[in-house]
Amino acid sequence: MQSILRRTLASSNSLSRCRVNITSRAVSRPFAFRTIVKSSYVFLTLHETAKKYTVEHECVAFDDSTGLGVISITDHAQSSLGDVVFVELPQVGTEVAQHDQIGAVESVKAASDIYAPVSGMVEEINDTLADQPGLLNKSPEEKGWLCKIKLSDPSELEKLMNEEEYKASYEH
Amino acid sequence: MLLLRPTAIVQRTFKASTRKFSTETSQLRRTGLYDFHLENKAKMVPFAGYSMPLSYGDVGQVASHNHVRTDAGLFDVGHMVQSNFRGATATQFLEWLTPSSLSSLKPYSSILSVILNEKGGIIDDTIVTKHAEDAFYVVTNAGRKDRDLAWFQEKLEQWNTSENAKDGSVEMEVLENWGLLALQGPRAASYLQALTSFDLQKLTFGTSAFVPLEGFNLHVARGGYTGEDGFEISIPPSETVEVAKILMKYPVQLTGLGARDSLRLEAGMCLYGNDLDEDTSPVEAGLSWVIGKDRKETGEFVGAEIVREHLRSSPPRRRVGFVIDGAPARQGAKIFSGDESVGIITSGIPSPTLNKNIAMGYVKNGLHKKGTELEVEVRNRRRRAAVTSMPFIKPNYWRG
């Protein structure tokens, strides 16, 4: 992994060096810095591209090195829900099957059930949400994650949608 | 699967899904402020056959709700049905259709009332304003328009062809396309006062007047559906947009149906269709107080028999308020006492003002007393529910 990281940074350096040639020095420094950051982000998103979506607006970010899937609701879901004021999460250690109800997200106007996008065991829940349910609105797919599930059958992911397919699912 | 149940709730409460909405848009009615709402970035939803604003711009429901509690909000309630009843026997006619004491009501006073069917069930809840013995202004729910108007027509015909109308008949005029704006909140009065020479201090809760307002002369009733001080302003069709523009300036914020629902629930007020229906008597609904004192024993109004029976011996069930631990209970959640199912929740929200889950629902008579410990079932789990008196918030009415 380190080597990949080094390679990514190296390539971005060479990219920025290229750009130095065509831009003035004053501009090039922050630009080069930003390029590095951006490239490392690209590297990080190699994992994030393992994000899969359900038609009902859940998201699972799967890390194949740990076998854990981080479950969240999508940004589109939170914007439709409005201010989230209460989140109910499953208990750590619960065995869940794909499509089992594992909790709920409540805004003032309504409750939305959350169903497991994948089968497995609940390894961790986001306790911060008990005090700060608003994180679901501010950062639904990052700080507002719901729980981590140890996948029992990663092949289930194949049946879920990628980001593009997901977007198409609600835009029509 | 995360079911985006807001849509589902909108479906149930607002009677059409977004998908259905797209195909039925043409059939939805519009208030005179439809374009005004769009200009103000309203998110429109179907409600009671109308396309109505749920919220405006990116103002969330909680912020919008809080703004009405701390400052002021303006609501388009032009979907509601405004009617005039005129005629020499108008008082007697409306005392036949409602259990209210209208003969003793002072002119330019409003009261909450109910229109009852023969079984004492609530056809609609309504605000009745008396202008004179022979002139009343009545506001009813948009979602009940067809039922109400058919009922009024039928009863008017009956009345006008009977002995009752020997001193004069009664006529109904529906104020089609008239505007109705509700200006609500602790800063509503000072805002409105700056626009009129009329001394609003004299316009106490439950009274109304024709108020000169920036060149218009409008019927203003002090009251509303939020628990806050406020006004409901009736406006002729051609003037509605202009008046709305005058009333929406700082610190007033346009407020949609979302906040309207959470505000009214905190105030313990009923939403017809959720908390009231034709199988529910006013006694069951906790609305015995709308029945005139002089009418409880001898009043001859439609549905009087059942109402009287419920007043004498207790009704089978009663509407009560709840504070619920953990998850909020919503409409349809079952209420339990031990293993026994004893009732159902009709409205419930996490209260933005109180930071508690509040709800109202119907329970078996006997379990309705304040402090009774019951349980509600939310997502297959029992949650503690304590019977609580309503309103949940302290109302902030101007009583002079």
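Colleague: In what order do the six strands of the open sheet in chain A run?

Modeller: The order is E1-E2-E3-E9-E8-E5 in chain A, with antiparallel pairing. Strands here are DSSP runs of at least two residues and helices (H or I) DSSP runs of at least four, numbered from the N terminus. Two strands pair if DSSP finds at least two bridges between them. Please note that this is a predicted model, in which local features need pLDDT of at least 70, side-chain atom pairs count only at pLDDT 80 or more, and totals for chains, interfaces and linings use all residues. Residues are numbered from 1 along each chain as its sequence is written, while chains are lettered from A and ligands numbered from 1 in the order in which they are written.

Colleague: Which strands stand at the edges?

Modeller: Strand E1 (51–53) and strand E5 (95–96) of chain A do; each has a single partner strand, so one side of each has no neighbour in the sheet. For E5(A), the pairing with strand E8 (residues 120–125) of chain A is antiparallel over two bridges. There, A:Val96 stands opposite A:Gly120.

Colleague: Staying with chain A, is A:Lys138 buried or exposed?

Modeller: A:Lys138 counts as exposed because it has 12 C-beta neighbours inside 10 Å. The scale is as follows: a residue is buried if 20 or more other C-beta atoms lie within 10 Å of its own, exposed if 12 or fewer, and partly exposed in between, with C-beta atoms placed from the backbone. A:Lys138 belongs to helix H5 (residues 135–138) of chain A.

Colleague: What does A:Lys138 touch?

Modeller: Not counting residues up to four places away in sequence, A:Lys138 touches A:Lys143 and A:Gly144. Contact requires C-beta atoms, placed from the backbone, within 7 Å of each other. A:Asp83 is 55 residues from A:Lys138 in sequence, with 9.7 Å between their C-alpha atoms.

Colleague: Now the interface. How many residues of each chain are in contact?

Modeller: Chain A has 26 residues in contact with 19 residues of chain B. On the chain A side, helix H3 (75–81), strand E4 (84–88), strand E6 (101–107) and strand E7 (111–115) each give two or more residues. The largest share, five residues, is from E7(A). By class, the chain A side has eleven nonpolar, eight polar and seven charged residues. In this classification, Ala, Val, Leu, Ile, Met, Phe, Trp, Tyr, Cys and Pro are nonpolar, Asp, Glu, Lys and Arg are charged, and the others, Gly among them, are polar.

Colleague: What do the buried residues of H4(B) pack against?

Modeller: They pack against E6 of chain A, and within chain B against strand E2 (50–56), E3, E9, E13 and helix H9 (257–266). Helix H4 (residues 61–70) of chain B has seven of its ten residues buried, among them B:His65 and B:Val68.

Colleague: And E3(B): which residues are on each side?

Modeller: B:Ala72, B:Leu74 and B:Asp76 lie on one side, B:Gly73 and B:Phe75 on the other, and all are buried. Strand E3 (residues 72–76) of chain B runs parallel to strand E13 (residues 252–254), joined by three bridges, and B:Leu74 stands opposite B:Leu254. With strand E9 (residues 179–184) of chain B, E3(B) pairs in the antiparallel sense over four bridges; B:Asp76 stands opposite B:Leu181 there.

Colleague: Turning to helix H5(B), which of its residues are buried?

Modeller: In H5 (residues 90–97) of chain B, the buried residues are B:Ala90, B:Thr91, B:Phe93, B:Leu94 and B:Leu97. They fall within an arc of 160 degrees seen down the axis, so they line one face of the helix. That arc is taken from the directions from the helix axis to the C-beta atoms.

Colleague: Last topic: where does UniProt place a "binding site" in chain B?

Modeller: The unreviewed UniProt entry places that feature at B:Glu232. UniProt positions follow the numbering used here, feature names are shortened, and annotations may be inferred rather than shown by experiment. B:Glu232 is in strand E12 (residues 230–235) of chain B and counts as buried, with 25 C-beta neighbours inside 10 Å. Leaving aside neighbours within four places in sequence, its contacts are B:Leu180, B:Ala182, B:Ala221, B:Gly223 and B:Gly224.

Methods: Two residues are in contact if their C-beta atoms, placed from the backbone, lie within 7 Å.
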